[in-house]
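Here's a quick briefing to read alongside the model. Have a look at the fold first, then come back for the details.

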Amino acid sequence: MALRTLNAKNAAALDKELMSDGAFSVDQLMELAGLAVSQVVYQLQPLQKGRRVLVACGPGNNGGDGLVAARHLWHYGYQPTMYYPKQSKNELYQRLSKQLKDLDIPFTEDFDAALKQTDHVVDSIFGFSFSGEVREPFPKVIEALRDTKVPVLAVDAPSSWNIEDGPPDSGPGKGFMPEALISLTAPKPLVQWFKGRHFIGGRFLSKAVAEKYDLDVPPYQGIDQIVEVGTEGQRL
Ligand SMILES: NC(=O)C1=CN([C@@H]2O[C@H](COP(=O)(O)OP(=O)(O)OC[C@H]3O[C@@H](n4cnc5c(N)ncnc54)[C@H](OP(=O)(O)O)[C@@H]3O)[C@@H](O)[C@H]2O)[C@H](O)CC1
Ligand SMILES: [K+]
């Protein structure tokens, strides 16, 4: 059975609904999203395989998921390094950044150097609100992610991919295929082009909301915040 997908417009509408009618706060949703991201890293990169995780964060909520994931990873015993070149003044992101600084987690401005000294990368640069051509300062970062041999976990979307149409056919993201992807709440249409390991996270959908948005609630087991779906991406 193919998991039903959620386009960018409906993903934004669903987020809005969860935070109004659903009575969630953005902090809560981001905490659960980031927790799920950290669980995928733990599964893909057990501590004994190398503890260094470079977390690349963009300016929006996708970046916020990365900030949350880094905190959880630190508590599991990883050594996160943050690349967060466009830091928002938004109070939530500032608090999340402060929490990381209080754990002495380093923030770097030199992405290329950090990439040479890491065991794993979390791509939380752009999620479902990405559109158009990649703007500065991110083109070089996307190129480096495209070319690196270090495994990359993409959060919600491989950054630079179009949410509906998938991988770009020009620009820095052409040829970028991360090793793994975690779709939050539900896969986006781009998953049909994705070739790596695919997980679903964001365990907060009620049956009523899932029905309204024509989505599947994946079969989460026990206390897991993630479910791996088949190598064909969208299949259970
Ligand atoms: N329900 C859930 O599953 C939850 C998902 N979450 C995560 O939130 C993101 C969506 O977050 P949003 O803040 O709407 O947007 P993004 O983070 O995807 O991106 C917005 C920023 O990206 C910049 N942007 C957009 N296009 C470009 C581009 N071509 N070049 C450079 N920068 C770009 C944009 O910048 P502006 O200059 O336009 O302001 C935005 O700042 C979702 O994918 C999940 O990961 C939440 O955590 C909550 C629950
Ligand atoms: K991403």
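Which residues does M177 touch, not counting residues up to four places away in sequence? The answer is K195 and G196, where touching means that C-beta atoms, placed from the backbone, lie within 7 Å. Keep in mind that this is a predicted model, where local features need pLDDT of at least 70 and side-chain atom pairs count only at pLDDT 80 or more, while totals for chains, interfaces and linings use all residues. Residues are numbered from 1 along each chain as its sequence is written, and chains are lettered from A and ligands numbered from 1 in the order in which they are written.

**The annotated domain**
- UniProt, in an unreviewed entry, puts "domain: YjeF N-terminal" at residues 11-217; its positions are given in the numbering used here, feature names are shortened, and annotations may be inferred rather than shown by experiment.
- That span is 37% helix and 15% strand, and the C-alpha atoms at the ends of residues 11-217 sit 15 Å apart.
- Helices (H or I, at least four residues) and strands (E, at least two) are DSSP runs, numbered from the N terminus.

**The sheet and its helices**
- There's an open sheet of 8 strands with mixed pairing, in the order β3-β2-β1-β4-β5-β6-β7-β8; two strands pair if DSSP finds at least two bridges between them.
- At the edges you'll find β3 (107-108) and β8 (226-229), each pairing on one side only.
- Strands β6 (residues 180-184) and β7 (residues 197-201) run parallel and are joined by 5 bridges, with L184 partnered by G201 in β7.
- Helix α3 packs on the sheet, touching β1, β2 (79-83), β4 and β5, and its direction makes about 160 degrees with that of β1; axes are lines fitted to C-alpha atoms, for helices over the stretch in contact, and angles run from 0 to 180 degrees between N-to-C directions.
- Helix α2 lies across β1 (52-57), β4 (120-124), β5 (152-155), β6, β7 and β8, at about 155 degrees to β6.

**Around ligand 1**
- Ligand 1 is surrounded by 28 residues, the closest being G60, N61, N62, G127 and S129; a residue is near if its C-beta atom, placed from the backbone, lies within 6 Å.
- Both α2 (26-44) and α3 (61-76) supply at least two residues of this shell, and α3 gives the most, with 5 residues.
- The shell splits into 11 nonpolar, 12 polar and 5 charged residues: Ala, Val, Leu, Ile, Met, Phe, Trp, Tyr, Cys and Pro count as nonpolar, Asp, Glu, Lys and Arg as charged, and the others, Gly among them, as polar.

**The annotated binding site**
- The unreviewed UniProt entry places a "binding site" at N62, D123 and S159.
- These three span 98 residues in sequence, yet no two of their C-alpha atoms are more than 9.8 Å apart, so they gather at one spot.
- N62 lies in helix α3 and is buried, with 25 other C-beta atoms within 10 Å; buried means 20 or more such neighbours, exposed 12 or fewer, and partly exposed in between, with C-beta atoms placed from the backbone.
- S159 sits in the loop between β5 and β6 and is buried too, with 26 other C-beta atoms within 10 Å.
- Not counting residues up to four places away in sequence, the contacts of S159 include D123, F126 and F130.

**Back to M177**
- M177 is in the loop between β5 and β6, and counts as partly exposed, with 16 C-beta neighbours inside 10 Å.
- M177 and D165 are 12 residues apart along the chain, with 14 Å between their C-alpha atoms.

Definitions and conventions: Contact = placed C-beta atoms within 7 Å.
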